[in-house]
Amino acid sequence: MFRQALAGLVCATALTTPAIAQTYETEAGAVALDPVVEGLQFPWGMVFLPDDSMLVTERSGNLRHVAADGTISDPITGVPEVVFEGQGGLLDVALDPEFESNRYVYVSYAEPGDEAGTNSTAVARGVLSEDRSQLSDVEVIFSQQPKLPSTLHFGSRLTFDNDGYLFITTGERSDAEFRVQAQDLDSHLGKVIRILPDGSVPEDNPFVDTQGALPEIWSYGHRNMQGADMHPQTDQLWVAEHGPRGGDELNKVVPGGNYGWPLLTEGTEYSGDPINPPQDLPDDLVEAERTWVPSPAPSGLAFYTGDLFPQWQGDAFMGALAGTDLIRIDLEGEEVLGDEFLFGDGFPHRIRDVTEGPDGALYLITDADPGQILRLSPEQ
């Protein structure tokens, strides 16, 4: 496991990013937070391989293999061309549910368009070589339409359910002239996408038989979802979503659901101007499970099922960018009871992603250059 293999590395390596406290007091008791990997360039997504090593994306366009001793590989070849600008770049990474037999790896990224300056979220899959040095047979299985001249709000989280369906979160590209398309079923902007691993559309998607609708759409009316995970008890998708100025949301995603953006929000424009709802709102808007004002800017979402923190089993964890923290969502089944900001004021790092490791610890990515992977475990 990372804990044992990296103990010497952590002690021997001088930090080149802001120092962190070693322990924090939480409602579950004292926890230890240790850097276990350093020197990444704006890391964004991570996934554990069967041997407990990791694949990590760097927004600059590199996919890296991180060995259990903390060694960071040269860039894995075969990764598609990305637009590394604004919030764009190489974003999330996921393994196929049958990875041990087919070795498929999925990456989301900002894909350049045919017209200069345009781009959109895309997802490609390829076969990871046994030595983890290259992706082969790479194919694009989803390409968000339309492509637009924006470098904001790509969404881009990837997660599979227990039936092998791939869910993709997209953003609505931010600008007022674009964001209205979050309500349009002939646009991929501001949507959750549900496809099969080869990119084909499941026959039971909610809008397959709706004239003019894109059949990949699972839900709509979203702003910018940068966290996604399946609830461990229900296998239902939950997403963490950036609101505008205030109004960040945690949403339980139902097929065909309309989550309201940009018609209705608890937030305001970044200027402070109100976002006034229209007189005639749809009567079927889905309410958020939790909202935050002011915005912590959530990124990454993981339900905890491990044994290291028995008090936290069934809870969810979100990274926070503006809030520079890790947020625990206190859950009883699917009922949100409250939240806990674990590290408090003064924590120096934007947390981009969070995942549960095979050892039951929580692993966090810091959004920086150089960026780190941090390990959260009970204090010994």
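Student: How much space lies in the second largest pocket?

Tutor: This is a predicted model, where local features need pLDDT of at least 70 and side-chain atom pairs pLDDT 80 or more, while totals for chains, interfaces and linings use all residues. Residues are numbered from 1 along each chain as its sequence is written, and side-chain values use heavy atoms, without hydrogens and water. On a 1 Å grid over the protein atoms alone, a pocket is an open set of points with protein on both sides within 12 Å along at least five of seven lines, and lining residues have an atom within 4 Å of a point. Volume is the space filled by probe spheres set on the points, which are joined across faces, edges and corners, and for the second largest pocket that comes to about 340 Å³.

Student: Which residues lie nearest the centre of the second largest pocket?

Tutor: Its lining divides into nine nonpolar, nine polar and seven charged residues. Here Ala, Val, Leu, Ile, Met, Phe, Trp, Tyr, Cys and Pro count as nonpolar, Asp, Glu, Lys and Arg as charged, and the others, Gly among them, as polar. Of the 25 lining residues, those nearest the centre are Gln 87, His 153, Asn 224, Gln 226 and His 242.

Student: And what is the volume of the largest pocket?

Tutor: Its lining has 32 residues, with Val 47, Thr 159, Phe 160, Asp 229 and Thr 355 nearest the centre. By class, the lining has 18 nonpolar, six polar and eight charged residues. The volume is about 980 Å³.

Student: How much space lies in the largest cavity?

Tutor: A cavity is a set of points where a 1.4 Å probe fits but cannot get out, and a search of the whole structure finds one of 30 Å³ or more. His 242 and Trp 261 are among the residues lining the largest cavity. The space in it is about 60 Å³.

Student: Is Leu 189 buried or exposed?

Tutor: Buried means under 20% relative accessible area and exposed over 50%, using a 1.4 Å probe and protein chains only. Because Leu 189 has 0% relative accessibility, it counts as buried.
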